[in-house]
Amino acid sequence: MDYRRKRKLTFFTIGLIFLFSGIEYAVILPTIWRYLQTLGAAPYFLGLGLSAFSLSGLLSGPLFGLWSDRTRTTKKIILFANLFEIVGNFMYFMGYSKWLLLASRLIAGIGTGAGSSIFGFLTRSTAPEDRSTVFAAVMACRQAGLLIGPAFNLFLRLFDFKLGPFIVNKYTSPGLFMCFMWILLQVAVLLMYWDIPPQDLTNHGEAGVIVVEEDEEEEDDDDAEEQTEDEEGKPLVGTQESLGSYGTLPDEPTRAVANGSLPYQEQPGSPEPGEDPGATSPLKVLSASREFLKEEVVVLLTAQFITLFNQTALETMVTPLTQKYFNFGELENSIMYCVCGVEVILGFFFVRWLSKRAEERVVLAVGLIICNISCVWCLIFLANPAGSYPWQLAEFIAGVFLQVLGLPFVAVAQVSLFSKVTAEKTQGFSQGVRRSVGGLATILGPLWAGGLTNNLYIMLGVMMALLVLLTIMMCVSYEKLVEPPVVEHADNYEED
């Protein structure tokens with residue numbers, strides 16, 4: 001099988017992974033509240049159940065990312081992570097007690113940690129100018145799952161029979177269904193996923209490595225004239241830079257090298273002469289920690305946290321709110337999530353189009369403006385609904401529409417920018433940290449909202465304050481929210 005076909009099948013399988021994660025979220029979220037009520041759980045258990053899934057993903061994400069950075073493979077990681085999804089969803093189906101349900105979400109959440117490895121793979125396999133488009137397509141797959149998921153709920157709610165000692169009904173069937181879906185995904189990954197090298201990235205990646213390796217093999221045998229010719233064929237950006245972040249200068253100063261010779265540190269993974277190999281680990285850790293303290297990285301991580309915190313808090317609030325004011329059941333909630341899924345998918349397609357014509361920081365700014373408007377609307381109209389039933393329903397629909405509208409702008413822009421301002425060689429770990437920050441937000445968001453469903457002014461007021469803080473941070477750091485230049489660095493070498 002040729003490279004192009006393997007690449008297409010691999011990207012298709014990645015789309016399936018995110019599609020299934022969206023389906024899982026969509027089939028479980030509308031029913032978990034009533035499921036917990038049948039098990040005699042207190043209201044705060046809704047927040048615990050949603051947060052447990054994010055907690056395990058928060059802890060597993062950086063570990064899976066570090067694993068992929070060291071091995072440069074993702075297939076084994078995905079297969080291993082999916083096992084937790086299978087076991088966790090089967091435990092959710094069993095549902096003997098509220099504590100077993102809580103443990104099921106905790107175990108299933110470990111499987112989401114593979115997403116950091118996948119984002120690291122996508123960063124290494126795509127050019128910077130195409131990254132927003134690719135990330136938008138991948139995220140749209142998850143939103144497609146959110147759209148399709150409620151449709152599955154329409155027939156899962158009709159289940160009412162026994163399977164051996166287990167009861168299959170509208171509350172337990174989502175767990176059994178997702179267990180079957182993740183088993184199918186295991187087969188798909190085995191047959192259609194390859195750890196393909198980024199052969200298409202010839203500007204700064206693979207070509208640089210190949211040229212350097214060929215020069216090293218011929219270095220001892222070539223004469224001075226051949227060495228000069230080889231020197232002319234060497235890339236302007238060296239191996240160490242190509243494996244680093246796009247457009248960032250190396251941490252160490254560049255030193256002059258005689259024609260036909262290469263500096264020792266350009267061999268990846270080999271220490272300097274006389275240097276203890278084990279002594280490089282603390283330096284790498286220190287370098288990685290400094291990277292996450294850069295101003296633009298802090299702003300993007302803050303954007304990740306605040307937007308997901310607000311999103312999950314509102315999602316936690318929605319089902320009790322619709323039950324209280326509109327008497328919505330599983331069917332009405334599923335239809336609502338289905339409509340929201342359509343809106344988000346259309347939003348991702350629009351962002352994909354817009355990202356080719358506008359800077360990512362502009363897309364991020366538009367998303368933040370929409371999120372601020374949404375939060376103000378919810379604070380005014382949803383904290384204490386007034387008026388007739390149709391008027392309250394219209395206010396609720398408008399608030400949900402605005403909240404969902406801003407998500408694609410912020411999500412795509414901050415993920416794409418983050419991949420460009422952090423080192424490429426540690427993208428798995430970096431994306432793991434980013435997703436862990438998001439995981440922390442999805443833990444605290446439901447816990448915050450779950451305890452304040454009867455005091456929406458405090459809940460929405462804090463969310464509004466966080467958005468204002470993020471907006472101020474972005475305005476102050478707006479000039480730095482760009483991809484560091486690469487061409488200027490190469491030209492400087494040429495001029496010298």
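Q: Hello! In this predicted model, is the crossing in which H15 passes H16 left-handed or right-handed?
A: The crossing of H15 past H16 is right-handed.

Q: What angle and what axis distance describe the packing of helix H15 and helix H16?
A: In general, two packed helices are described by the angle between their axes and the distance between those axes. Here H15 (residues 389–421) and H16 (residues 427–450) pack at about 145°, and their axes are 10 Å apart.

Q: Which residues of H15 and H16 meet?
A: From H15 come Gln 414, Val 415, Phe 418 and Ser 419; from H16, they meet Gln 427, Ser 430, Gln 431 and Arg 434. These contact residues divide into 2 nonpolar, 5 polar and 1 charged. Val and Phe count as nonpolar and Arg as charged.

Q: How do you know that Ser 430 is buried?
A: Buried means under 20% relative accessible area. Ser 430 has a relative accessibility of 1%, so this residue counts as buried. Ser 430 is found in helix H16. Leaving aside neighbours within four places in sequence, its contacts are Glu 291, Phe 292, Phe 418 and Thr 422.

Q: And what makes Leu 59 exposed?
A: The cut-off for exposed is over 50%. Leu 59 has a relative accessible area of 53%, so it is called exposed. This residue has its place in helix H2 (residues 44–71). Leu 59 and Gly 439 are 380 residues apart in sequence, and their C-alpha atoms are 8.6 Å apart in space.

Q: Let's turn to the rings. How many aromatic pairs does the count come to?
A: The count comes to 27 aromatic pairs.

Q: Why is the pair of Phe 90 and Phe 166 called edge-to-face?
A: Rings pair if their centres lie within 6.5 Å, and planes over 60 degrees apart count as edge-to-face. The centres of Phe 90 and Phe 166 are 5.8 Å apart and their planes are at 80°, so the pair is edge-to-face. Phe 90 lies in helix H3 (residues 75–94) and Phe 166 in strand E2 (residues 166–168), so the pair ties together parts that are 76 residues apart in sequence.

Q: Why does Phe 90 count as partly exposed, and why does Phe 166 count as buried?
A: Phe 90 has 32% relative accessibility, so it counts as partly exposed; that class lies between the 20% and 50% cut-offs. Phe 166, at 16% relative accessibility, counts as buried.

Q: What are the values for the tilted pair of Phe 121 and Tyr 193?
A: The distance is 6.1 Å centre to centre, with 45° between the planes. Phe 121 is in helix H5 (residues 114–125), and Tyr 193 is in the loop between helix H7 (173–192) and helix H8 (206–218), 72 residues apart. Both Phe 121 and Tyr 193 are buried.

Q: Which residues do ring pairs link into a cluster?
A: The cluster contains Phe 152, Phe 155, Phe 159, Phe 161 and Phe 177.

Q: Where does the charged end of Arg 434 sit, and where does Arg 142 lie?
A: The charged end of Arg 434 sits over the ring of Phe 119, 5.1 Å from its centre. Arg 142 lies over the face of Tyr 25, at 5.3 Å from the ring centre. The distance limit for a charge over a ring is 6 Å.

Terms used: Residues numbered from 1 in each chain as written. Predicted model: local features only at pLDDT ≥ 70, side-chain atom pairs only at ≥ 80, totals over all residues. Heavy atoms only, no water. Phe/Tyr/Trp six-rings, centres within 6.5 Å; stacked < 30°, edge-to-face > 60°. Helix = DSSP H or I, 4+ residues; strand = E, 2+ residues; numbered from the N terminus. Buried < 20%, exposed > 50% of the residue type's maximum accessible area, 1.4 Å probe, protein only. Lys NZ or Arg CZ within 6 Å of the ring centre and 35° of its normal. Axes fitted to C-alpha atoms, helices over the stretch in contact; angles between N-to-C directions. Left-handed = near helix turned anticlockwise from the far one by under 90°. Contact = heavy atoms within 4.5 Å.
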